[in-house]
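Subject: Structure handover

Hello,

Here is the structure I promised to pass on. Please open it first, then read my notes below.

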Amino acid sequence: MCWSRAVSLISVIFLACTNGGQPSYRSQPNYGNKQSYYGNQQHYYVRPRQPEYKCIESNLQYDCVFYDVHIDMQTQGVYFGFADVTLNRQKNLAFKNSTVRKLPAALLASFRQVELLNLNGLQIEEIDTNAFAYAHTIQELYMGFNAIRYLPPHVFQNVPSLTVLVLERNDLSSLPRGIFHNTPKLSVLSMSNNNLERIDDDTFQATTALLYLQLSSNRLTHVDLSLIPSLFHVNVSYNLLSTLAIPIAVKELDASHNSINVIRGPVNVELAILKLQHNNLTDTAWLLNYPGLVDVELSYNQLEKITIHHFVTMQRLERLYVSNNHLVALNLYGQPIPTLKVLDLSHNHLLHVERNQPQFDRLEYLYLDHNSIVTLKLSNHHTLNTLTLSHNDWDCNSLRALFRTVARPAVDDADQHCKIDYQLEHSLCCKENDNPYLDRLLQYIALTSVVEKQRKKEPCSATDAINSVQSLVHYITQQGVVTNTSKPKSTS
């Protein structure tokens, strides 16, 4: 009997060793298995095991990387990390090869010490209302390149330490009221490439530390940036804004590719870089409020006149771009801007620019191509390194005189084909005339007459052309560059 018991005990020990130290018999699972009996047979019905995801990798940037996580809108009961949350001490989390259609609350309910969470590119469509209920320690949150359509009203209520929030390239069309009222430390916010139409005036009322704001490529018709006095760098380009309110201390502002025709805001001595190309600006008087500007981009607007009076307070301006406008008058000769190095006046309607010689002589780069300029004078001590002159209406005698003071290498372009009655001189088209300005003026008056006849067929373009020519005629006669006793015929 004793020998028989010994053999049975040895058999049990052997079976236990072959199963990793556990008996081979299957104990009843503790997650809801049901047991039933049919006759003399015993059956187990096991509920499907809920998805569990643990960190399987770390690197220099993240101490927890989840692989192959796949959560759809119907997924329920997801588990992350260890059941004992005190064991989930990782602070920097990311995902690879994963899809999370709906961001669950379980992630941060398990990892409660996270400081950086990277959720970029997970195809997120929806965020659980309590997804950030345990996010008190999060400082950086990246949710870009997803498909988020809306944010729950109080989704950021429990993230008081948040400093960086990236929501770019989603499908947001609006922001809940008070969305940032409990994020006082937020300093970097990017929501570019969404469908936002309006930013309410109290949206950033509590974000007194906000420095960098990216709102480009939305559909914004309203955002009052002047209500965010802490801003340092702002990008609202590629929107539908008609009014730009400049903050008091912003240093770099990109509002290009809008429909801006009004600029307002307090005096700002910090603003250094201002990008306003592709808008509807018609004047530059507002520049007086920004004496610290270094770079000003005003190309592709509706400007017809530039005057020195709007630049008198500037002591740092180095680059001014006003190409592709409707400039017929340029007045920078009164007191040249001493720091200006680059001036782009290309693709305008300029005719007479000689009185700007004191300013031109100080420049390093001057772009005058694609205008109607007849004559240009530069002194022997000019500092130009690059000068563009093609596609103008040069007088040949003036052009010859110009090239006695300007070395050919400095001229960075050339004409290819000349109109009838024009000839190539120093690779530029010019015309021989005794009274060049009078001839050009008569040509413009003739053009106005032709355009008037087309007014009924093309009302918009005809009116613009008439206004442009009339402004040019008025300017030329005011400057006294036409020495002719006969008065030109009326253009009215």
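A charge sits over a ring if NZ of Lys or CZ of Arg is within 6 Å of the ring centre and within 35 degrees of the ring normal. One case to look at is Arg-112, which lies over the face of Tyr-134, at 3.9 Å from the ring centre.

Keep in mind that this is a predicted model.

**Overall**

The chain has 492 residues, and 45% of them count as buried. It holds six helices and 30 strands. Among contacts with a separation of 6 or more, 40% are between residues 24 or more positions apart.

**Aromatic pairs**

A pair of aromatic rings is described by the distance of the centres and the angle of the planes. The count here comes to nine aromatic pairs. Two of them follow.

Phe-66 and Phe-111 are edge-to-face. Their centres are 5.7 Å apart, with 90° between the planes. This pair links distant parts of the chain, 45 residues apart. Phe-66 belongs to strand β4 (residues 64–67). Phe-111 sits in the loop between α2 (106–110) and β10 (116–118).

Phe-156 and Phe-180 are stacked. Here the figures are 6.3 Å centre to centre and 5° between the planes. This pair also links distant parts of the chain, 24 residues apart. Phe-156 is in the loop between β12 (140–142) and β13 (164–166). Phe-180 is in the loop between β13 and β14 (188–190). Phe-156 is buried, with a relative accessible area of 2%. Phe-180 is buried at 0%.

Which residues make up the cluster that includes Phe-66 and Phe-111? Tyr-53, Phe-66, Phe-80, Phe-95 and Phe-111 form one aromatic cluster.

β28 runs parallel to β30 (residues 428–431), paired over two bridges. Asp-395 stands opposite Lys-431 in β30.

Over to you.

Best regards

Notes: Residues numbered from 1 in each chain as written. Predicted model: local features only at pLDDT ≥ 70, side-chain atom pairs only at ≥ 80, totals over all residues. Heavy atoms only, no water. Helix = DSSP H or I, 4+ residues; strand = E, 2+ residues; numbered from the N terminus. Buried < 20%, exposed > 50% of the residue type's maximum accessible area, 1.4 Å probe, protein only. Contact = heavy atoms within 4.5 Å. Phe/Tyr/Trp six-rings, centres within 6.5 Å; stacked < 30°, edge-to-face > 60°. Pairing = 2+ DSSP bridges.
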